[in-house]
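Please open the structure in a viewer and keep the selection tool at hand.

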Amino acid sequence: MKKIILFGLAVLALVSSCTTPVTLGKQYPAMYEEKPLTIVIMPPINRTTHAEAKDYFYTTMYLPLCEKGYYVYSPYLTMEMFQQESAYDAEQFIEGDLTIFKNVLGADAAMFTIIKDWRRNNMGGVLTVDVEYILRSTKTGQTLYTREGLIKVDTSVNGGGGAIGALVGIIATAVNTAATDKVVAGRKCNAFVLSDLPAGKYSNMYDKDSSNPAGKKFVKATVK
Amino acid sequence: MKKIFIAAIIVLAFTSCDTTKPLYSWYNYEDVTYQYNKKATEDLQAKLLEQYKKLTTKQKGGRGVVPPGLNSEYGFLLYKTGKKEEGLKYLKQEVSLYPESEKYISRIIKQLEK
């Protein structure tokens, strides 16, 4: 009897391991090799016609990245620096050398974002944002993490986002601005896309999440 | 047989309590800074300073410390609004809490004192 159960369990384990999705360690190996501690948020690259998207989205990444366990330079302070140094256009850095951020700030990695869509459909009360995130090492220049989110927020009904992960929950509670504001969709997009980012030094999941399943590289969701 | 059951229950119990407590308390930080960013009125500045005070003194998150960057933000605003001594105190606090910020913060202090 025991043998049969054990055999059954072994088979089950094998089968379930075959269907296990890719792990974070496999999807983002460079994150575990380099173990960045400090992140500078780059001014978003805005590919939409909505000029305000850049400024408003810029600061929204700070809180979720801190909650992931990283040291994040205050975007309000770095924004001033970028503007003073006429470096407020991140396009010039996205494929270029990043050692300057290592030297000036001490940053291990730079978070780039490309805003591809940022709009509000007044008829249905739907906010749509599409943002690609690219975290690059300032040391080696390699891409450590990249993911894209296409998030629609249905503002016609007020309410929480349901059970969509702990981080989403944390951020959702922080989201209590007027529901009509497009920045809300930007914040939700962060929650979805950054949920897969391996944890940083200040998180108790640090170096313990490499075997966690990784989500898809392109996240598409509609939330209320 | 019993042992297997117990093992299965333990595994289930562990996987189900995989929830994370926020590392920090943020209060209304996002909204207040966002509003101030949109329109830097005196009223909102007072609100923001009040918010920073709360954030730097009442941390109930998992880590129980001020989040990265916040002491420096508070210090910078204090300095800019004329409270130079106090501002510098918070900027230095950032470095003692997060030594990795030393390079950047000393650059800010240098620029402010120019």
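Helices (H or I, at least four residues) and strands (E, at least two) are DSSP runs, numbered from the N terminus. Residues are numbered from 1 along each chain as its sequence is written, while chains are lettered from A and ligands numbered from 1 in the order in which they are written. This is a predicted model, in which local features need pLDDT of at least 70 and side-chain atom pairs count only at pLDDT 80 or more, whereas totals for chains, interfaces and linings use all residues.

**Stop 1: Lys84(B)**

Select Lys84(B), which is found in helix H5 (residues 84-97) of chain B. Is Lys84(B) buried, exposed or partly exposed? A residue is buried if 20 or more other C-beta atoms lie within 10 Å of its own, exposed if 12 or fewer, and partly exposed in between; the C-beta atoms are placed from the backbone. Lys84(B) has 14 other C-beta atoms within 10 Å, so it is partly exposed.

**Stop 2: chain B as a whole**

Select chain B and display its secondary structure. Chain B has six helices and zero strands, and its elements run α-α-α-α-α-α from the N terminus on. Of its 114 residues, 29% count as buried.

Now select helix H2 (residues 29-38) of chain B, where Tyr29(B), Glu30(B) and Thr33(B) are buried. Look down the axis of H2(B): the buried residues fall within an arc of 90°, so they line one face of the helix. The arc is that of the directions from the helix axis to the C-beta atoms.

**Stop 3: two packed helices in chain B**

Select helix H3 (residues 42-57) and helix H4 (residues 70-80) of chain B, which pack at an angle of about 145° with their axes 10 Å apart. Axes here are lines fitted to C-alpha atoms, for helices over the stretch in contact, and angles run from 0 to 180 degrees between N-to-C directions.

Which residues make the contact? Two residues are in contact if their C-beta atoms, placed from the backbone, lie within 7 Å. H3(B) contributes Leu49(B), Tyr52(B), Leu55(B) and Thr56(B), and H4(B) contributes Leu70(B), Asn71(B), Tyr74(B) and Leu77(B). These residues divide into six nonpolar, two polar and no charged. In this classification, Ala, Val, Leu, Ile, Met, Phe, Trp, Tyr, Cys and Pro count as nonpolar, Asp, Glu, Lys and Arg as charged, and the others, Gly among them, as polar.

**Stop 4**

Turn to chain A. Its secondary structure comes to nine helices and seven strands, and buried residues make up 41% of its 224 residues.

Select Ile39(A), Val40(A), Ile41(A), Val72(A), Ala110(A) and Met111(A), the residues with the most contacts inside the largest nonpolar core, which has 70 residues. Helix H9 (residues 183-194) of chain A gives the most to this core, with eight residues. A nonpolar core is a set of buried Ala, Val, Leu, Ile, Met, Phe, Trp, Tyr and Cys residues joined through C-beta atoms within 7 Å. In soluble globular proteins, nonpolar side chains tend to be buried together.

Keep Met111(A) selected. Apart from neighbours within four places in sequence, Met111(A) is in contact with Ile39(A), Ile41(A), Met42(A), Met61(A), Tyr133(A) and Leu135(A).

Then select Tyr62(A), in helix H5 (residues 62-67) of chain A. Tyr62(A) counts as buried, with 27 C-beta neighbours inside 10 Å. Beyond four places in sequence, its contacts are Ile41(A), Val72(A), Ser74(A) and Pro75(A).

**Stop 5: a glycine that touches chain B**

Select Gly106(A), in the loop between H7 and strand S4 (109-121) of chain A. Gly106(A) has 21 C-beta neighbours inside 10 Å and therefore counts as buried. Leaving aside neighbours within four places in sequence, Gly106(A) is in contact with Thr38(A) and with Glu100(B), Lys103(B) and Tyr104(B).

**Stop 6: positive phi values**

Most residues other than glycine have a negative phi, and most peptide bonds are trans. Select Ser86(A), whose phi is near 45°, a positive value. Ser86(A) lies in the loop between helix H6 (75-84) and helix H7 (99-104) of chain A, and is exposed, with 8 other C-beta atoms within 10 Å. Finally, select Asp207(A), whose phi is near 65°, also positive. Asp207(A) lies in the loop between H9 and strand S7 (218-223) of chain A, and counts as exposed with 12 C-beta neighbours inside 10 Å.
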